[in-house]
Amino acid sequence: MRKQLYIFVLLAIYILTASASDENSRRDYGFDGSISREVLHNYLSRSIHYLGMAVSSPEGPSPSFEDDLGVVLKAGAKYISRCSYAWDVPADDDAHFQIAKERAGIIHRADPEIMLQADIFETVYSAKAPEAGDRDFSKNGVENIKIPAFAFEEFDLEPEERTFRYEDMIYKDGLWRNRWCPGASVPDITSTETKMWVFYRAKKYIDAGYESIQLGQIQLFTAKDSDWRHMEDIINRIRRYGKEHARRNYVLISGHVSLESPHKIVKDGKILLDFLPFPLRLKSIPASPLHACLEMGYIDSVYDEKITGTHPSGWQCEDLPMVLEFDNYFNSLTNPGTIFPWGTDEITWFANQKEDYRNEFLKYAWDWLWKHDPNSYLSMPGRRVCRVPVYENENPITVSYYCNNPSPACPGGFGQEDVIAEIWSNPNYQDNFNRLVLHLEDGETSQGIRLGSLQEDMPVERLKLLYQAYGGFTPPQQRRKALRALREESWKEIEKIEQSQSYQREAELLRK
């Protein structure tokens, strides 16, 4: 029975692959030992963020893997970010890497050109630290994982029969101890124990068929590594291993980094990373409920920022490519402003919109980046942690966004797979290197909207009403009640809201 199912899956994959966009077949995705500027851009321009598509921890294997793969092939995705990762320590690390390898094999049999990313995050969990007993979920820890001989040998150490030591990995002065939860801290990259941990995981993912490694929030790893000497060391070790053992003898390395200190990314004229991922940094539009936009120079956004130097592949890079993502970091409601569009994180904001606006926003964001930052690409949201509906913190409907169309294989799908395929097949967006670059005046967006400033002190209860009134998961009767409550509060922005096109559309729908 299992063999028949496997054959059926491969047949379905073959059909989907055969019907994929002809445009992808004309692009160059070939590389060996290094990657050219053109090929790198080609991959990043077809990036989709499928959190744990192969395997993750603590969640485990994705239950909709076959359906996810169908979406990837149908849309023509070539770069799958966060395909495998472990935030918490897996209960069985060998099984984690085995599943990562098996599913990578299925993906590569369907399309050998696809590049898979694995993540090694800025977190380590303990099973034995005194405070670990207060953790309300998995009690796994690095102390459960035996250090293989190769990890010792990589750092010229005599192999020992022991497991990883949590206390040797975290900051000795207590910095960011328990940052994530009791017994889960930020590791210090200056520690040899941490370097062995990172190299161990990178090697295992490379051996499993992954050609891209993301190192999470590098700034947290490097709090005591002021000149990135230790980070450069571990990156070089991963690159050397990839040069000999990766599928195509090269591994892309990336990580989240603030551009306030670009000198750390460029060492002696050489760029350490292959590309830079960063959040979209959405800005709320006060006059249009729950709507948001992109804006040059908004808080710490990286639009039109340039990192120049010699690329790790050896070519002169005038502007390091970037991938912009719907970030997740909060999954609840707080005062709006700064990094919280309409009071929550970016993917939770996106997931709580109505379907037509989700579709519209993907087209807008792709077009905006295409026109205003020629070295940046939108990483399409495939699967990411969120909370829906955002205002029901105690009992959310789901804790993951999926772009998949709803089906028995993925009943919780949000339905953006077709619009992603549509955007990528649009002939207006095919030539990466002759992109028209526009420059906006301060305070404008490509939609022509003048922006005001959102109230920084908007109460969370009012935000809940806004999500109930304008979000995508509220029954009509509750929506009417929320609209009435907003009017009764005499909110000073309500007149602007009621004059907006968004409100008029809502009012018309409610009358029906």
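Are Trp-197 and Tyr-200 buried or exposed? I opened the notebook with this point and found that both residues are buried. I record here that the model is a predicted one.

**Entry 1: the pair in helix α8**

I looked up the ring geometry of Trp-197 and Tyr-200. The two rings form a tilted aromatic pair, with 6.2 Å from centre to centre and 45° between the planes. I then checked where the two residues sit: both belong to helix α8, residues 192–207. Because they are 3 residues apart in that helix, about one helical turn separates Trp-197 from Tyr-200.

**Entry 2: the pair between a loop and helix α11**

I turned next to Phe-326 and Phe-350. Their ring centres lie 4.7 Å apart and their planes make 40°, so I noted this pair as tilted. Phe-326 is in the loop between β15 and α11 (346–351), while Phe-350 is in helix α11 itself.

**Entry 3: aromatic totals and the cluster**

I asked how many aromatic pairs the structure holds. The count is 34. I also listed one aromatic cluster, whose members include Trp-197 and Tyr-200 from the opening entry. Among its other members are Phe-97, Phe-150, Phe-155, Phe-164 and Phe-199, as well as Tyr-205, Tyr-210 and Tyr-241.

**Entry 4: lysines over rings**

I searched for charges placed over ring faces. Lys-203 lies over the face of Phe-150, at 4.3 Å from the ring centre; Phe-150 is one of the cluster members noted above. Lys-78 lies over the face of Tyr-29, at 5.0 Å from the ring centre.

**Entry 5: the three-stranded sheet**

I traced an open sheet of 3 strands and read its order as β10-β15-β16, with parallel pairing. From one strand to the next, the twist averages 30°.

I followed the pairing of β15 (residues 322–325) with β16, which is parallel and runs over 3 bridges. In β16, Ser-376 is the bridge partner of Met-322. Finally, I noted that helix α12 (residues 355–372) packs on the sheet and touches β15 and β16. The direction of helix α12 makes about 175° with that of β16.

Terms used
Residues are numbered from 1 along each chain as its sequence is written. This is a predicted model: local features need pLDDT of at least 70, side-chain atom pairs count only at pLDDT 80 or more; totals for chains, interfaces and linings use all residues. Side-chain values use heavy atoms; hydrogens and water are left out. Two strands pair if DSSP finds at least two bridges between them. Helices (H or I, at least four residues) and strands (E, at least two) are DSSP runs, numbered from the N terminus. Axes are lines fitted to C-alpha atoms, for helices over the stretch in contact, and angles run from 0 to 180 degrees between N-to-C directions. Contact means heavy atoms within 4.5 Å. Rings of Phe, Tyr and Trp (its six-membered ring) pair if their centres lie within 6.5 Å; planes under 30 degrees apart count as stacked, over 60 as edge-to-face and the rest as tilted. Buried means under 20% relative accessible area, exposed over 50%, partly exposed in between (1.4 Å probe, protein chains only). A charge sits over a ring if NZ of Lys or CZ of Arg is within 6 Å of the ring centre and within 35 degrees of the ring normal.
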